[in-house]
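This report describes how selected parts of a protein model are arranged.

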Amino acid sequence: MTKSNGKFPKPHAIETLPGTEGWERMYPYQYQFVSDDQERHDYEKNGFWFYDGLHYPEPLYPFDTIWDEAWYLALSQFNTRIFAVPPVYGVDHRIVNGYVYITPVPVKDPAEIEKRIALFMERAGYYYENWNELESNWETKMRATIAALEALQIDPLPDMEELSVVTSGLGESKGYHLLKAYDDLIDLGIRCWQYHFEFLNLGYAAYVTFMDFCQKIFPDIPTQRITQMISGIDVIMYKPDEKLKELAQLAMTSGIDAAVLAGGDFAATTRALGETEAGRAWLQTFEETRYPWFNISTGTGWYHHHKAWNDDLNIPLASIRIYIEKLQQGDSLERPIEAVRAERDRITVEYRALIDNDEDRATFDQLLQTATTVFPYVENHLFYVEHWFHSVFWNKVREVGVIMRDHGLLADVEDIWYLKRGEIKDALWDLVTAWATGVKPRGAFTLPKEIAWRKGVMQKFQEWSPPPAVGIAPEVIQEPFTIVLWGVTNDSLKSWAAIAAVDNLDDIRQFTGFAGSPGSVQGRVRVCRTVEEIGELEEGEILVAPTTSPSWAPVFTKIQACVTDVGGVMSHAAIVCREYGMPAVVGTGMATKILKTGQMVSVNGSTGEIAILQ
Amino acid sequence: MSTTQPMVCWFEECTREMVPLVGGKCSSLGELINAGIRVPPGFAITTRGYYDFMEQAGIMDDLAGLVGSLKADDLKGLETASSEIRQRIEAASFSLQLEDEIAESYRRLSIRSFMPATAVAVRSSATAEDLPGASFAGQQDTYLWIRGIDAVLEHAKRCMSSLYTARAMAYRIRMGFDHREVGISVGVQKMANSFTAGVMFTLNPSNGDRSSIVIDANFGFGESVVSGEVTPDQFRINKVSLEILQRTVSEKTVCYTVDTKTQTSVASEIPEERRNIQSVTDDELIELARMGKQIEQHYGRPMDIEWAIDKDMPRSGNIFILQARPETVWSEKRSEPVSAKARGKTTMDFILSSMMEGKKVS
């Protein structure tokens, strides 16, 4: 691999993996780094593209690319065309060997920046001024979008249409309905992501401004302390876990805790509980809790294979059991909310008292106020979009997959993810016209073969380690997301470059991530790639995971520190660890690949350092 | 002087208002103790003790005759008078009552220090009237590693006689003070027999950040750190959360310890295997930072602090503050408010300014 700048490889120099030639057709054509268009080539060559490991710890499946395109559009449109963020347009995207690379696009012409400043002051100003009202409007829109998704019917193609089609004079077929339902499904997904970014850019901008101000007054202040000052306590993302605790509590008070613990898998447990009055009542509450609170992804929700609790009720059941055991031992399940709040207030008051002039103290109050106003959205949107909407969405797409499989276009429902969403639309046209005509769809011959090949390509992509960045690092980054979410800073670039320079991951004895939650411990590693593996965790181990989500909540009562591949100081793992007062290092990029179960490591959540001891 | 005032009192009994009785040094040690800061224990021989001594020894009555008509610029005359008075002070005896009180206090101090005849520092503690001239007159006499009651008494008298150096007398004559009305107190304080010592700033001296505490440490006495003779270990601690954010363990080649024969502090080479070891534990650092924070809160400003960890004292109470004075470099540098650099005063102005500036990454 050639290196530019002595640091990162050139974007065009990354070689295609043997056996994957032609992979580009799995993704939209505009995602390729190109060589035939000189102007575009030069633009790409001089840019700084960093690997979006935050969202994509593994290569993108062709269908899953939908969310990348959705935020490519949404983030950029709000920056560029709606709020006119003065110094930066959108964030541009490319895909290399299945992995997404992104770069913020600066506004270079000073006159253009000046023009955008006036627009920005008016437009963004309006949103900040009317934040609470607009945000409640947002929730209404979002809930309506989710309701429309849940109501969306995807009917199979019948041999013969119902008589009612004739008697009601409908004049439409199920073939047409299938095309329309698919269009509606995709449209709802894209729309949901339009809303996702309505407040996020401005939310991050206000956060960055407060962070900036704090760092100027206190150059040594750790980012997590700034976050701690503005974080919400009653965040909607905690609700699902609260509900599990309530169900555990209810099982105790109903005297059926032993039955919930003893009953084998979910189906067996349900049968056993169904035999008693109290058991049936509990199951009833369980069922009511599922919507919406079990629409929680066990991953980030960005990949189709991130199962939701509702997809496998053994997952919430396992957590409920852990909580019941805690209760039986006499432990409390209460989050120390008051203590967390008191600590947040103490820290805020102490930092404020250290500011040595009235003017800055007034600014501190003002910016803190704005940051705390915008911050609930920054935390809460995840529940609506990535968890609730996505969980329902993936299953709707599976319903389409079932129809395609039944007509021979797919060997398996789960093969649908190997097709781009446009290819699925084309295949559905193939399907409904063949169905209407009474012939065999052409895709029944071509698609399974193509999908088999793509599976092989994905396998090779999985085995490849994407470099953390390609191209030339800039001196200044002005795009708020780039700073907050991906944490692109001098330090992170350095540590990325250091890891990129190592050929064998086993040679790495120490590495760093973001300091997610303070404290320092030594302990044994337990690598859990998925939430299904948390059963193997032993008391006092250090959890090393690609990322965590509310599904992982029960493990935090067992472990003594947490390390993740993906996520910033606002990620789930960081937030929960701060609550439990245990160290976390997040966004390390490679921890699950570098560390192995059983190793002794030291984890310093104040500095972000991890060292392998033996 | 009221006769109800004590001739000897413990540091913890000294308050800010008692400068005329116990001098500036002892009163500030008392102030630290009463603010909850641990300083090495000790006691003051008060100005009343001094007057008692001077009167009982008959020196007070002779003062008029010895210095009466001398002018401030009569250096030769002043030198002669000074040496006469100082000799008489150093040769005289304390009254039995005062000697008993000092001896009893020293005995109790030794018990408190877990040492038979504990080593102490004996130093003069100038009173308010004399304070402006104190540094000028160079009369901050300090005698270190003094052991045994006889040595304590002897050095206490030496401290008292330092009130009669030629320069101090010249100063008082120039200022129109009556010699008989200027007193002196003497502090007797346990020597910190430090395993580790150093300095602590309640801000980051490299960038002025008031949310940081920076601690420099080396084995032995603090003088190796203060003098810059070694590169000390350095730690940066978050003042708000008390987490250690940065630690630099240096190679430390030299430290100072006491030579018990000569009763002086001597430089010695740190053995190879100890040079790169962190000279202060994490728990001690956090305890120190907690003390630093408390001192800063008490004085209401960033402070520059000397500290020591005493190897003679039990672990739970062995970290001592030796000295605390206001930090001057950053405190005197009044920088303009950070807010002043933004385009305006509204939240939008701040957001826009921050966005335009962006984040430097290289």
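## Pairing of strands

Two strands pair if DSSP finds at least two bridges between them. The model discussed here is a predicted one. In chain A, three bridges join β10(A) to strand β11 (residues 542-545), and these two strands run parallel. Within this pairing, A:Val527 has A:Val544 of β11(A) as its bridge partner.

Strand β10 (residues 520-527) of chain A also pairs with strand β14 (residues 600-604) of chain A, in the antiparallel sense and over five bridges. In β14(A), A:Met600 is the residue that stands opposite A:Arg524.

## The sheet of chain A

These strands belong to an open sheet of eight strands in chain A, with the order β8-β15-β14-β10-β11-β12-β13-β9 and mixed pairing. Which strands stand at the edges? They are β8 (510-512) and β9 (514-517) of chain A; each has a single partner strand, so one side of each is left without a neighbour in the sheet. On average, and with direction ignored, neighbouring strands of this sheet are turned by 30° against each other.

The edge strand β9(A) pairs with strand β13 (residues 584-586) of chain A in the antiparallel sense, over three bridges. A:Val586 in β13(A) is the bridge partner of A:Phe514. Helix α20 (residues 572-580) of chain A packs on the sheet and touches β9, β12 (561-564) and β13 of chain A. The direction of α20 makes about 45° with that of β9(A).

## Chain B as a whole

Chain B has 12 helices and 14 strands. Its C-alpha trace spans about 80 × 50 × 40 Å along its principal axes. Of the 362 residues in chain B, 46% are buried. Among contacts in chain B with a separation of 6 or more, 67% are accounted for by residues 24 or more positions apart.

A residue is buried if 20 or more other C-beta atoms lie within 10 Å of its own, and exposed if 12 or fewer do. B:Tyr51 counts as partly exposed because it has 18 C-beta neighbours inside 10 Å. Between B:Tyr51 and B:Ala81 there are 30 residues of separation in sequence and 19 Å in space, C-alpha to C-alpha.

## Two helices packed within chain B

Helix α4 (residues 75-91) and helix α7 (residues 149-161) of chain B pack at an angle of about 155°, and their axes are 8 Å apart. Because of this angle, α4(B) is roughly antiparallel to α7(B), since angles over 145 degrees count as such. The crossing of the two helices is right-handed.

On the side of α4(B), the contact is made by B:Arg86, B:Ile89 and B:Glu90. On the side of α7(B), the residues are B:Lys157, B:Arg158, B:Met160 and B:Ser161. By class, the residues of this contact are two nonpolar, one polar and four charged.

## Where the chains meet

How many residues of each chain are in contact with the other? There are 30 residues of chain B in contact with 48 residues of chain A. On the side of chain B, the elements that give two or more residues are β8 (233-238), β9 (244-248), α12 (347-357) and β14 (359-360). Helix α12(B) gives the most, with eight residues. This side of chain B comprises 13 nonpolar, 11 polar and six charged residues.

Helix α3 (residues 110-129) of chain A packs against α12(B) at an angle of about 125°, with the axes 10 Å apart. The two helices are therefore oblique to each other, and α3(A) passes α12(B) in a right-handed crossing. From α3(A), the contact involves A:Ile117, A:Phe120, A:Met121, A:Gly125 and A:Tyr128; from α12(B), it involves B:Thr347, B:Met348 and B:Leu352. This contact has six nonpolar residues, two polar residues and no charged residues.

## The burial of α12(B)

The buried residues of α12(B) are B:Thr347, B:Met348, B:Phe350, B:Ile351, B:Leu352, B:Ser354 and B:Met355. Their cover includes α3, α7 (200-217) and α15 (358-406) of chain A. Just after α12(B), B:Gly358 takes a positive phi of about 65°.

How values were computed
Residues numbered from 1 in each chain as written. Chains lettered and ligands numbered in written order. Predicted model: local features only at pLDDT ≥ 70, side-chain atom pairs only at ≥ 80, totals over all residues. Axes fitted to C-alpha atoms, helices over the stretch in contact; angles between N-to-C directions. Helix = DSSP H or I, 4+ residues; strand = E, 2+ residues; numbered from the N terminus. Parallel < 35°, antiparallel > 145°, perpendicular 65-115°, else oblique. Left-handed = near helix turned anticlockwise from the far one by under 90°. Contact = placed C-beta atoms within 7 Å. Nonpolar A, V, L, I, M, F, W, Y, C, P; charged D, E, K, R; others polar.
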